[in-house]
Amino acid sequence: MVFCSLANGPAETPVDWTAFILSLELAGATAMVLLPFGVIAGRALAARDFAGKGVVQALLALPLVLPPSVLGYYLLVAFGAASPLGKVWQALFGHALVFSFSGLVLASLIVNLPFAVQPIERGFAAIAPEIREAAWVSGLSRWAGFLRIELPLAWPGILAAFALTFAHTMGEFGVVLMVGGGIPGETRTVAIAIYDRAQALDGGGAGRMSLLLLAFALAALGLVQMLGGRIGRRDG
Amino acid sequence: MAEAPEPAAGRATMGLAAWLAQAGPIPLDARLEVAAGELHALIGPSGSGKTTLLRALAGLYRPRAGTITCAGETWFDAARGCDLSPQRRRVGLVFQHYALFPHLSAADNVAAALGHLPRQARGAEARALLAQLGLADLAERLPATLSGGERQRVAVARALARNPALLLLDEPFAALDARTRRHLRQELAALRRRLSIPIVLVTHDLEEAAALADRMTVLERGRTLQTGTPAAIMTRPASHAVARVVDLQNLFEGETLGVSETPPETLISWHGETIRAAGALPFPPGTAIAWTVPPAAITLHAGPGPDGAGPKGAINVIAGRIGEVAVLPGIARIVFLAGDGAAAFVFPRPPPGAGPPLPRPGEVASIAFAPEAVHVMPLIGRLETIAV
């Protein structure tokens, strides 16, 4: 069996820290860029009614159900040297968007939209509309009401969005492989490094890195659970 | 019951005057005038537009047409495109479920509405306001750890913190148990005596309106139907619709027959009887009308009426039988089924031992009432009245 040969394989190598750090950078960049967007989009979806809201919500959820290879393929086409975006990128920065760290970040932003927007939307939706109105009637400007009343109340949702986006980016495989290609030091994330080690029958290296990602994912989910409980309490 | 204030000169400048109208999506055709220092109840069934009207006064809802002026300022004038934001209206609003900021202590909830004071002064002022409402010891508590009555008082303190020109209360007692409600009603009655601003109280509870309000306005489907003292509205409603909203007892429909000369009385055909109402009322013969008689004006007599042992010479005598006798603390309530049992009158009697013996259910009897006690109303819009 493949697993047995992997587990007992002779080629023992340490954790690929370059890939791990690259994954951390990718996850950090994705989360930092997506969070402000998530706050704006999540607040708008939770507090406003507008035409096409359902369509926007469906589009934002699409990366959840689309196979990563399908999403990766479309992103590869959209980022490619022949695409308008690829051409503009090449002209502006002098290198191709595909198979680059920048391209990976851009792809990661799109893949992680639902993980960033949905928890924040739920966080804002849990605030009763009267709370918002009470802030205005108390004389707080819309901006002050947002900062002093809504943001602290939606905070658990925002932290949950951060944890989910970060953890999901750490483990994202399909899209990263399609768009990034697994170039060491540039686009080879830890998830791809695990795949490469497993392909090379290095069970020890793959196992250690997998354990690291497992611990990461568990910690993130634990945080989300804890914060989810807080949203519920405030709602009640 | 409080006396209605006389329409004071200068009400238009110091008080609240509002007219709001639109065809949809929520129909509105409402006029409201509340003098400074007056507590004005807005009553109507759920869905009658009470809360919408209140939200429009606060600037949280924008109707298509209308004007709102308060304390000499124009807050809203649709024709001139003037619409002050809630922040600029100087209005205190106590929400139905209080809408306290759940992550802030009671003191911080109140301080949040003290933006007009320097930052250092807000804490002390918030505590002073809470102390006035008997909450000095609870200033640091989060809303979730307060009882319903305490939350309501924090909400009132927050609403007063802005030094408002208008105080709006949206069903402030609805979420409370009966004992707390009674207690806080007394507190509101005491509080309002210290305030010299117009106060609008939204309620669907007539008893509450009658106990607290100087005047009240009846609202149905966004339309203000009648404004007056609670006593005037509850005894002499302007229309059948108002009578329905105030849940008037002994409310019947009939048809005018004409007017008799001496004394001038309006004759009403009702279930084969002729009811006489004092005065030559301005309804042409054949008009469908509603009429009512206050329970206290009904007298009960043994026997079926003038042909038997009933009151001789009395008018508006109706034969029937006793339907139900309910003995309540200090009073008995009689349900009397007229004639064929198609209509029921309700009226009070002294409790057992305090007056003549109470009749027994099923007993043949008659009732009588004076023409002066009969109040006649137009029946217009009967089919459109709300299901309560």
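This is a predicted model: local features need pLDDT of at least 70, side-chain atom pairs count only at pLDDT 80 or more; totals for chains, interfaces and linings use all residues.
**Exercise 1. Describe the secondary structure and the extent of chain A.**

Step 1. Begin with the count of elements: chain A comprises 12 helices and 0 strands. Its pattern along the sequence is accordingly written α-α-α-α-α-α-α-α-α-α-α-α.

Step 2. Turn to the dimensions. The C-alpha trace of chain A spans about 70 × 45 × 25 Å along its principal axes.

Step 3. Of the 236 residues in chain A, 40% are buried. Among contacts in this chain between residues at least 6 apart in sequence, 78% join residues at least 24 apart.

**Exercise 2. Determine how helix H2 and helix H9 of chain A pack, and which residues make the contact.**

Step 1. Locate the two elements: H2(A) covers residues 17-47, and H9(A) covers residues 142-171.

Step 2. State the geometry. The helices pack at an angle of about 145 degrees, and their axes lie 8 Å apart. The crossing of H2(A) past H9(A) is right-handed.

Step 3. H2(A) contributes Ser23(A), Leu26(A), Ala27(A), Thr30(A), Ala31(A), Leu34(A), Leu35(A), Gly38(A) and Val39(A). From H9(A) come Ile158(A), Ala161(A), Phe162(A), Thr165(A), Phe166(A), Thr169(A) and Met170(A).

Step 4. Sort these residues by class: the contact of H2(A) with H9(A) has 11 nonpolar residues, 5 polar ones and no charged ones.

**Exercise 3. Identify the elements of chain A that touch chain B, and the classes of residue found there.**

Step 1. Count both sides of the interface: 15 residues of chain A are in contact with 18 residues of chain B.

Step 2. Assign the side of chain A to its elements. Helix H8 (129-137) and helix H9 (142-171) of chain A are the elements that give two or more residues to this side. The most is given by H8(A), with 6 residues.

Step 3. Divide the side of chain A that touches chain B by class: 9 residues are nonpolar, 3 are polar and 3 are charged.

**Exercise 4. Describe the make-up of chain B and its division into domains.**

Step 1. Count the elements: chain B has 9 helices and 21 strands.

Step 2. The C-alpha atoms of chain B fill a box of roughly 85 × 50 × 35 Å along the principal axes. Among its 388 residues, 41% count as buried. Of the contacts in chain B with a separation of 6 or more, 64% are between residues 24 or more positions apart.

Step 3. The centres of domain 1 and domain 3 of chain B, taken over C-alpha atoms, are separated by 44 Å.

**Exercise 5. Trace the strand order of two open sheets in chain B and find their edge strands.**

Step 1. Take the sheet with the order E14-E13-E12-E15-E21, which has 5 strands and antiparallel pairing. Its edge strands are E14 (273-278) and E21 (375-378) of chain B, each pairing on one side only. The twist of this sheet averages 45 degrees from one strand to the next.

Step 2. Examine a pair in it. Strand E15 (residues 288-292) of chain B is joined to E21(B) by 4 bridges, and the two run antiparallel. Pro378(B) in E21(B) is the bridge partner of Ile289(B).

Step 3. Take the sheet with the order E16-E20-E17-E18-E19, again of 5 strands with antiparallel pairing. Strand E16 (299-302) and strand E19 (343-349) of chain B each have a single partner strand, so one side of each lacks a neighbour in the sheet. The twist here averages 40 degrees from one strand to the next.

Step 4. Examine a pair in this sheet also. E16(B) and strand E20 (residues 364-368) of chain B run antiparallel and are joined by 4 bridges. Ser366(B) in E20(B) stands opposite His301(B).

Key:
Residues are numbered from 1 along each chain as its sequence is written. Chains are lettered from A and ligands numbered from 1 in the order in which they are written. Two residues are in contact if their C-beta atoms, placed from the backbone, lie within 7 Å. Ala, Val, Leu, Ile, Met, Phe, Trp, Tyr, Cys and Pro count as nonpolar, Asp, Glu, Lys and Arg as charged, and the others, Gly among them, as polar. Axes are lines fitted to C-alpha atoms, for helices over the stretch in contact, and angles run from 0 to 180 degrees between N-to-C directions. A crossing is left-handed if the near helix is turned anticlockwise from the far one by less than a right angle, and right-handed if clockwise. Two strands pair if DSSP finds at least two bridges between them. A residue is buried if 20 or more other C-beta atoms lie within 10 Å of its own, exposed if 12 or fewer, and partly exposed in between; C-beta atoms are placed from the backbone. Domain bounds come from an automatic or database domain assignment.
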